[in-house]
Amino acid sequence: MKKMITLKLAFRNLFGAGLRTWLNVFVLSFAFVIIVFTNGMLDGWNRQAYNDTKDWIAGNGQLWHATYDPYDPFCLQDAHAPITGKISELVRSRQITPLLITQASIFPGGGMQNILLRGIDTAQEIIHIPSASLKSSGEDIAAVIGKRMAASANLKKGDRVLMQWRDKNGTFDAKEIYVAEIFAANVPAIDKGQVWISLYELQKMTGLENQATLFIAGKQYPGGDVDNWKFRDVKFLMKDIDAVMAAKKSGTSMVYILLLALALLAIFDTQVLSVFRRQKEIGTYIALGMTRGRVVGIFTAEGTVISILAIIAGFIYGIPLLMLIQKTGIPMPGSVDDYGLAISDKIFPYYSIGLIMSTVLLVIISATIVSYFPARRISKINPTEALKGKIQ
Amino acid sequence: MSDNPIISITGLSKRFRMGAGDFTALHDINLTFKVGEFAGLVGPSGSGKTTLLNIIGSLDIPSDGEAIVLEKSVSALSHKEAAMLRNIHIGFIFQTYNLLPVYTVFENVEFALLLQKKNATQRKKAVMEALEWVGLTDKERSRPAQLSGGECQRVAIARAMVKRPSLVLADEPSANLDAKNSHHIVQTMKRLNRELKTTFIFATHDEKVMEYLDRIITLVDGRVEKDTFMGSSKN
């Protein structure tokens, strides 16, 4: 009841104050909308990167050979083992699909380019790599590559290129491959410097018959290690994305922290001025029977009410604007591909309830705090001097 | 008029710190006010009228002596108790009206009742009644800036009276008003004093107000020089 009256009086004071109130409300609401927008962009980007990475390479987790390390290409020499026992049953039941990875080189246009050669089951349906296109017709080895790889090697669908690799004994061999398909994925990790061929072909080429480096798990696979194959869950596989996102988020948060600080400074400034300019009013409140603490409460609540009005205003003009952006997306410049992150041509922001609620709380709490500090001065004001309107 | 004292002041002094020394605004004041009095503290500027009124209103405390208001010693009250005393039992009327500029007339008068947690129906009834006492029912939606000085002071009277206080303290209520309005507001207060048995204490040096007082306490340099009960004040 007491708090309701304090809020009611704060509302009355602010509505009565007119333009001063609405300027503060507008500045704070702008900060609110920008915070939701920038975080929504990052969340949308994160979500898209997460989903794309899951769809194109991570699956529902992976089972790695004990010595496999994706950051160490030299480990590939030994990071493979036969598909036997329990793991082969999982492959047969299509819960997981094997991947064999080795180093190789291609020679497009006379130059040499080192690549990672990935062998994938042509019948798999766990990830989006168009593996069905890898079914060879005749002697040639069919390969699929991503659009980034195609661009860097200047290859088009149907082009042939010489590829050199080493078999399990370290002996070099070479053969032409032809580009059966060029896929467009937002995951550079499976695209740049990567060539995908049939698992069977790669096993035959390297002499690593029935062997794999890792297995990608489908939805049916419940998780957990199998024999010497170590299970890496999606969270583990996404930790690089999470780290990049966290770094980007902290960088972007500087922008909105500055914006919020400016908005809060406006409220702080108004409150400091109010405590000086409204001395007579403060004295009157006390004479009419308010405790000083209650007057501090009203002045603090005015800041809170500004933030509530800002949020309402933010919702009124922000929701249609943010929804429109969510629908149309924000086009991303091609250069962001160089970040090495999964990124599409357009980012579609994602505004979660959690994001909106946390931003609402951030704005309300911070506005309340910056209003409280100047209002605290009221508790030291002498009411008899305040009644005369004397600046103390 | 009841014989019960509503205010009892004994040996009261008030000193203010001024630079290196002290300034004594009130010296050894001894006064008693009975319920229903229509009294005035008169004297030139700086004589201590407002200081005494502030102490009676529990906005300030004495340096020495005691002021007992409605059976409570002002010096012994906590901030909260003093606020409650003012909110329930004491109405204030100021020279410069001190209306809250962003509130309407209705909201200004309603303010004290909001603090008393009266419900909306009770508040509406009491506010309209108070506005009727001062003849401003047609101005309930106006803001102070849209009113004349006389009207503002009548709103202030309604605000002081709406909670039916035991005591109203009026500090130079006519200082900013012309003669006609001065008479009008004092007549209004006199009528409320008669009808509601509310005790009124004025701080004034306005002859027009003094005409209506039943008791005039003259203060000079912070001392009571004269305490006169008037036999035939204007009604």
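In what order do the four strands of the open sheet in chain B run? I read the order as β2-β1-β4-β5, with antiparallel pairing.

Notes on the source. I am working from a predicted model, where local features need pLDDT of at least 70, side-chain atom pairs count only at pLDDT 80 or more, and totals for chains, interfaces and linings use all residues. Residues are numbered from 1 along each chain as its sequence is written, and chains are lettered from A and ligands numbered from 1 in the order in which they are written.

Entry on the sheet. Strands are DSSP runs of E, at least two residues, and helices are runs of H or I, at least four, numbered from the N terminus. Two strands pair if DSSP finds at least two bridges between them. I noted β2 (21-34) and β5 (72-73) of chain B as the edge strands, each pairing on one side only. Between β1 (residues 5-18) and β4 (residues 64-69) of chain B I found five bridges in the antiparallel sense. Opposite Thr10(B) I found Glu66(B), in β4(B).

Entry on the contact. I took residues as in contact if their C-beta atoms, placed from the backbone, lie within 7 Å. Chain B puts in 21 residues and chain A 18 residues. On the side of chain B that touches chain A, α2 (79-89) and α3 (105-115) of chain B each give two or more residues. The most come from α2(B), with six residues.

Entry on α10(A). This helix (residues 353-375) has 23 residues. I looked up what covers its buried residues (20 or more other C-beta atoms within 10 Å of their own, placed from the backbone). The cover includes α2 (19-58), α7 (239-277) and α9 (292-328) of chain A. Among the buried residues are Ile356(A), Val363(A) and Val370(A).

Conventions. Expected span 1.5 Å × (residues − 1). Buried ≥ 20, exposed ≤ 12 C-beta atoms within 10 Å, placed from the backbone. Contact = placed C-beta atoms within 7 Å.
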